[in-house]
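Visitor: I have a model open and some questions about how its parts meet. Shall we go through them one by one?

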Amino acid sequence: MNFSGAARVAGVAGWPVKHSRSPRIHNYWLRKYGIDGVYVPFAVNPETAVEAFRSLPALGLRGMNVTVPNKEAAYRAMDEVDPMAERMQAVNTIVVGGDGELSGSNTDAFGFLESLRESQPGWSAASGPAVVLGAGGAARAVVAGLLDAGVPEIRLANRTAERAEAISDAFGSPVGCVGWDDRASSLDGAALLVNTTVLGMVGQAALDIDLAALPRHAIVYDIVYVPLETPLLAAARLRGNPAVDGLGMLLHQARPGFREWFGTDPEVDQALRDHVLADL
């Protein structure tokens, strides 16, 4: 990696942050496009995160990605936020303006939809209901993205019903809650199933769901990317359902920040996927 004293600097803030693949993604793009820049990880303690983000202009950084558990603190630290970040009450991308003002956005919904459309170009939001499993920050982003795309109905199921109800209350119709014990039957007539839980991730139990009621044409999307082929995706492929892994969402959500910090709209291609996969 080559960069000069005039390099544009951005990074990612998390606690911990060593697990983040963002440096691998952004530094790959910096090399690919021959940009004098560098992208580095910052371990930012949640207790001092607001102050840390407010210091970005003084440090000369172009901006920063934000990962758990600092997205809500980043939202509080911004001078302005985009509509999606306002809806999420969370920021994952910070841009430092020429005047030192901090602008925050949330690109998770963008990353989810771009990955879905790239992998399944025939997908149409109007094709039918979506079932979303989980009720964390990722679920909120997926629900917001699907609503904006025009999905007519979203069936939301979570092991803790109160958290699903909070999302349903926040977004209103057409988001409805489904009991966790009814998650399998909720697949009847669905055109899309999205797992936003950690179930199926390395070190976690597999997602327990019977896909029998899911139409064969329905797309199954798992935002988990370690492993890339989760038990859910394997089961979906076995019965003939189109399947989408979570790596694309990770890669596409990084694009808007890179464009703002480094002036180039980067490409998500197989070479980038292979580069990131080599580190998973």
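Guide: This is a predicted model, where local features need pLDDT of at least 70, side-chain atom pairs count only at pLDDT 80 or more, and totals for chains, interfaces and linings use all residues. Residues are numbered from 1 along each chain as its sequence is written, and side-chain values use heavy atoms, with hydrogens and water left out.

Visitor: Where is Thr107 found?
Guide: Helices (H or I, at least four residues) and strands (E, at least two) are DSSP runs, numbered from the N terminus. Thr107 sits in the loop between strand 6 (102-105) and helix 6.

Visitor: Is Thr107 buried or exposed?
Guide: Buried means under 20% relative accessible area, exposed over 50%, partly exposed in between (1.4 Å probe, protein chains only). Thr107 has a relative accessible area of 4%, so Thr107 is buried.

Visitor: Which residues does Thr107 touch, not counting those up to four places away in sequence?
Guide: Contact means heavy atoms within 4.5 Å. With that exclusion, Thr107 touches Asn92, Thr93, Gln253 and Pro256.

Visitor: How many aromatic pairs does the structure hold?
Guide: Rings of Phe, Tyr and Trp (its six-membered ring) pair if their centres lie within 6.5 Å. By that rule, the number of aromatic pairs is five.

Visitor: What kind of pair do Trp29 and Phe258 form?
Guide: Planes under 30 degrees apart count as stacked, over 60 as edge-to-face and the rest as tilted. The ring centres of Trp29 and Phe258 are 5.3 Å apart, and the planes lie at 65 degrees, so the pair is edge-to-face.

Visitor: How many residues apart in sequence are the parts that Trp29 and Phe258 tie together?
Guide: Trp29 is buried at 0% relative accessibility, and Phe258 is buried with a relative accessible area of 0%. Trp29 lies in helix 1 (residues 22-32) and Phe258 in helix 11 (residues 255-262), so the parts tied together are 229 residues apart.

Visitor: At what angle do helix 1 and helix 12 pack, and is helix 1 parallel or oblique to helix 12?
Guide: Axes are lines fitted to C-alpha atoms, for helices over the stretch in contact, and angles run from 0 to 180 degrees between N-to-C directions. Angles under 35 degrees count as roughly parallel, over 145 as roughly antiparallel, 65 to 115 as roughly perpendicular and the rest as oblique. Helix 1 and helix 12 (residues 270-277) have axes 10 Å apart and pack at about 135 degrees. That makes helix 1 oblique to helix 12.
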